[in-house]
Amino acid sequence: MNDESLQKAYTLLNRSVICCDGRPIGTAAVGDPDRPPAKNHGECFIRDFFVSGLVFLADGNPGIVRAFLLAVLDITEQEHESTEASIHPSVMPASFRVVRGAGGSETLEGDFGDRAIGRVAPVDSLFWWTWLLCVYVDATGDVEITRQDDVQNNLERVLALSANDAFEVFPTLMVPDGAFMVDRRMGVYGHPLEIQALFYRALRGALRFLTKSPENQRLVACAEARAARLRDYVRKWYWIDLFRMRDIHRFPNEEFGKSGVNLHNIQPDAVPEWVAEWVGNDAGYFAGNLGPGRMDFRFFAQGNLLAILFGLATAEQTAAVMRLFESHWPELIGQMPLKLCYPALEGEAWCLLTGGDSKNRPWSYHNAGNWPVLLWVFVAAALKTGNNALAQRAYQLAAERLEQDAWPEYYDGKSAGLIGRYANLNQTWTAAALILADKLLKGHPITPLLFV
Ligand code: GLC
């Protein structure tokens, strides 16, 4: 990126900083100088701040990250202490805003899915928070923060999810539709890959920093077992490549008992025709979702890339996912990295699974639109796997256009030639992702901290 473009990205990031009582505590999703942000995009989203937070950490500015971690925790504690609280105790807010009182006092108000469009529960917030806490501690050495009572309580909330209180057989976490970055109805209820990858990372982070005591011994044992089962299960059952497709194509059905090759009773007739050819001879990926009688063959980029960063994927699987990107560059990267999912839901499937959502029409927004924020995670995964040329190639595409397009939230079209129809401009995580990718490519010391 030329320096001027980088400077503009920083201007946007800095303009979006939110303060409470004069102290920086987050970044707004949009930092648009000309018009007020749409709907709730003036708020600080937990998943969006993760990217800004990494940039602040990399720049030796950890104060805002610490303040953010503690502020979000405070909002969460207050919510769960309140007597009317009906939200699941492990949910952190999707976003928060600063509310100014009559006397000029400032307080923070979280959105636990009670204000968000579609009123979706942000299950991923706790996981992004835990991951950011880990990177913060590794980058600063401030282990003290993890010893605070409220932080310990929150780490327990992560582990508590492993003591299965849902009506479930699998080690994966069952969530409602829209519980993560795809925060609208998109047929992503059940066991979406992105949630499983984040859950795996959060379990390991929480296990690392929870102070062990006789009282939490059972919980810790449970979480350790759950993380190991989750890893093995995702590696085995979510995986799709040509060899696996050959098995699935000839799956027997109605298997009963402890053994069996078709654990989920997938019907071979339900497998879309494009899959086997698309993976080709040497590529592969993790399915978007898996549950009883259901395998969602859509490719979701973020879940696959996070699986690589977290070592949830084996070395062979990791290499196969990177080969998928290489061999399907025009579809998965196109003119702007990166397609959120592939392919789009179209026709009846779009109507049934999105509820006819016009924002999520085929090849737009969450429904196979391209999101520049995903650049940083692609670059990180490519660097982890020694695919520096791919990382550089994707970065170049983004660097050439983002500033001139005014930092859009997403792009539309099969190859992402169009700025998203309803995309915000001056989207903070778009700029932050480009800055972060630039740092990763230059070998910033924060890079290996993302691979644990
Ligand atoms: C949209 C995205 C969500 C993001 C939010 C703020 O709702 O779907 O993932 O966190 O905007 O940018």
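The model is predicted, so local features need pLDDT of at least 70 and side-chain atom pairs pLDDT 80 or more, while totals for chains, interfaces and linings use all residues. Residues are numbered from 1 along each chain as its sequence is written, and side-chain values use heavy atoms, with hydrogens and water left out.

**Exercise 1.** Decide whether C134 and C341 are buried or exposed.

*Solution.* 
Step 1. Buried means under 20% relative accessible area, exposed over 50%, and partly exposed in between, with a 1.4 Å probe and protein chains only.
Step 2. C134 has 1% relative accessibility and is buried.
Step 3. C341, at 0%, is buried as well.

**Exercise 2.** Identify the side chains with an N or O atom at 3.1 Å, 2.5 Å and 2.9 Å from a ligand oxygen.

*Solution.* 
Step 1. A polar contact is a pair of N or O atoms within 3.5 Å; within protein, one must be able to donate a hydrogen and the other to accept it, and residues adjacent in sequence count only if both atoms are side-chain atoms.
Step 2. The side chain of H41 lies at 3.1 Å, that of D48 at 2.5 Å and that of Q427 at 2.9 Å.
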